[in-house]
Amino acid sequence: MDAVLALLFIAALIAGPLGVLAVRDRRRESAEAVLADIRAAVRRRLRGESLLSVQVVPATLTRPGRVVLSTPTGYEYLTKAVWTTVARRVPAGYELVVVTRPSPVAPEQSDRALPRAA
C-alpha cells in the first residue's frame, strides 16, 4: 500500500507541472493566433506596414488576455484609423488597451527661451 501511495505521489509531481505547462502553451498559441489575425487586419486597413505596434498578452487564471495598440508620439492618427477594425476582432476574454504616450517635452517648457552660454 505504501508503494502505491508513493507511486501516486511521484506521478502527481510529474503530471502536475506538465499539465500547467500544457495549459500555458495552449494559451500562448491562441494569443499568437489572435496577434496574427489582428496584425493582418491592421495591415489591410492601413494598406501596408506602419508604426502601429500590436501586442497580445495571453490570459492567465487571474486576469483576461490583452490586446495592446501603441504608436510613437505624433502618430496617434494610426490608432484612430484602425481601432474599430481591431475592436471587432478582439475575442471574448480579451481586453483592448490603447497606449498613448505623452510628449517628451512639456508645452510650458518648450515655450521658454533657452539661456545663452556666452
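## Close-up views of a predicted model

**View 1. Lining of the largest pocket.** Val20, Val23, Arg24, Arg27, Arg28, Pro58, Ala59, Thr60 and Leu61 line the largest pocket. The model shown here, and in every view below, is predicted. The pocket holds about 170 Å³ of space. Its lining counts 5 nonpolar residues, 1 polar residue and 3 charged residues. Among the lining residues are Arg24, Arg27 and Arg28. Pro58, Ala59, Thr60 and Leu61 also belong to the lining.

**View 2. The open sheet.** The sheet is open and built from 3 strands, ordered S1-S2-S3. Its pairing is mixed. Strand S1 (53-57) and strand S3 (94-99) form the edges, each pairing on one side only. On average, neighbouring strands of this sheet are turned by 15 degrees against each other, direction ignored.

**View 3. Pairing of S2 with S3.** Strand S2 spans residues 65-70. S2 and S3 run parallel and pair over 6 bridges. Strands of a sheet pair through backbone hydrogen bonds, either parallel or antiparallel.

**View 4. Helix H1 on the sheet.** Helix H1 covers residues 2-46. H1 lies across S1, S2 and S3. Against S1, the helix runs at about 160 degrees. Val20 and Val23, both in the pocket lining, fall within the H1 range of 2-46.

**View 5. Helix H2 on the sheet.** Helix H2 takes in residues 76-89. H2 lies across S2 and S3. Its direction is at about 180 degrees to S3.

Conventions: Residues numbered from 1 in each chain as written. Predicted model: local features only at pLDDT ≥ 70, side-chain atom pairs only at ≥ 80, totals over all residues. Heavy atoms only, no water. 1 Å grid on protein atoms, 1.4 Å probe; cavity = no way out; pocket = protein on both sides within 12 Å on 5 of 7 lines; lining within 4 Å. Points joined across faces, edges and corners; volume = space filled by probe spheres on them. Nonpolar A, V, L, I, M, F, W, Y, C, P; charged D, E, K, R; others polar. Pairing = 2+ DSSP bridges. Helix = DSSP H or I, 4+ residues; strand = E, 2+ residues; numbered from the N terminus. Axes fitted to C-alpha atoms, helices over the stretch in contact; angles between N-to-C directions. Contact = heavy atoms within 4.5 Å.
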